[in-house]
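Try each task before you read its solution.

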Amino acid sequence: MSGSRFLEKLLDGANAEWRLLGNGNFFEVANRERKPVKASTRVAGKTPYYGANNVQDFVEGYTHDGEFVLIAEDGSASLENYSVQYADGKFWANNHIHVVRGQKGVNTRYLFHYLHIVNFIPFLTGGGRAKLTKGQMINIPVPIPCPGNSEKSLAIQGEIVRILDTFTELTAELTAELKARRKQYNYYRDKLLTFDDDVKYLPLGDERIGKFTRGSGLLKKDFMEQGEVGCIHYGQIYTHFGTYAHTTKTFVSNEFANKARKAKPGDLVIATTSENDEDVCKAVAWLGNEDVVVSSDACFFSHKLNPKYVAYFFQTKQFQKQKNAYITGVKVRRVNADNLAKILIPVPSPEEQGRIVAILDTFDTLTTSLTEGLPREIELRQKQYEYYRDQLLNFPKPDKKVA
């Protein structure tokens, strides 16, 4: 049975009427208790401190106690799915969110699910950093099934919530599982790449290991979605690639490639610039069949080791600790290729490198793969939730002014 037909069966001939979010008979807007807290006094307690984009530390005390929906007051005007959160229990709400809950006859969890399909853009004011004022927010219409029969209305709302919460709970369980597996993965990766004295530690730039080459100037205007020669821009290493890659996201012309520096299959491509210490030197092993152009603010490492072994090493605590000593810059953090060459890497036998890679590949697939691992399963459950949410909350639009 489709979601719309199931909704018709739930309504059993009754109508859904639309009410404005500012209608005090159906909703409570609790903005009077929103209060900011200085950053220096946060992370001192156990009470969640909510801002426009979810929990932002913890505090002593609380401003609200109960079941509420939190709606961002400001954010990006380009987002159709505006920031909507759910809070239950004691929490502190800052002045960048609206705090709302259902009155008698309205299930607050039902309101939470419905607000996820609302297009907030018509209610926003301002430019790039848009604002949802209280005056605009209270004009958002919400469908209430059978408002004249509170018992039946809550039963319908409750059944919709039950169905949708089944999907959100499963997603939450999978997300918790993914977090645990990533923690386990990090532990075994660091353990497998830590050796006793019988394994030599050599500088990455040692002639027996490899050498670093800086990338070429590559601007976004040089990109093509389809083209002749693959290219890797340093920004894509953060946003698109994982530990290794066989294909590129973008391409350049043969003419550009002939003048550019290129990484060969097996090389490690490294982003040498970032806005934070953790991401600088994020690396991807290039395992494609052809050479690829590498942008400036990146370098590539040509070496004699197992490519995936080197990529996994760049993720370890021992690499991060060594790297931190060479970071320069204030707003933009950098590590140059000459300093990367000084970092020590353990060099076990090729057979041992392969054994370690085989173990870590299993963890990597489970925790990062969008085709086989838990991230893929989470994505599928989220899409399933969104489908049923859109169907179950697809009430006929009002044909008259909403009160």
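Let us begin with a definition: buried means under 20% relative accessible area, exposed means over 50%, and partly exposed lies in between (1.4 Å probe, protein chains only). This is a predicted model, in which local features need pLDDT of at least 70, side-chain atom pairs count only at pLDDT 80 or more, and totals for chains, interfaces and linings use all residues. Residues are numbered from 1 along each chain as its sequence is written, and side-chain values use heavy atoms, with hydrogens and water left out.

**Exercise 1.** Decide for Glu-377 and for Arg-381: buried or partly exposed?

*Solution.* Step one: Glu-377 has a relative accessible area of 31%, so Glu-377 is partly exposed. Step two: Arg-381 has 15%, so Arg-381 is buried.

**Exercise 2.** Find out what joins the side chains of Arg-381 and Glu-377.

*Solution.* Step one: they meet in a salt bridge, 2.4 Å from N to O. The term stands for a side-chain nitrogen of Lys or Arg within 4 Å of a carboxyl oxygen of Asp or Glu. Step two: both sit in helix 11 (residues 374-392), 4 residues apart, so about one helical turn separates them. Helices (H or I, at least four residues) and strands (E, at least two) are DSSP runs, numbered from the N terminus.

**Exercise 3.** Locate the partner of Arg-214 in a salt bridge.

*Solution.* Step one: the partner is Asp-338, with the closest N and O atoms 3.4 Å apart. Step two: Arg-214 belongs to strand 12 (residues 210-214) and Asp-338 to helix 9 (residues 337-340), so the pair links distant parts of the chain, 124 residues apart.
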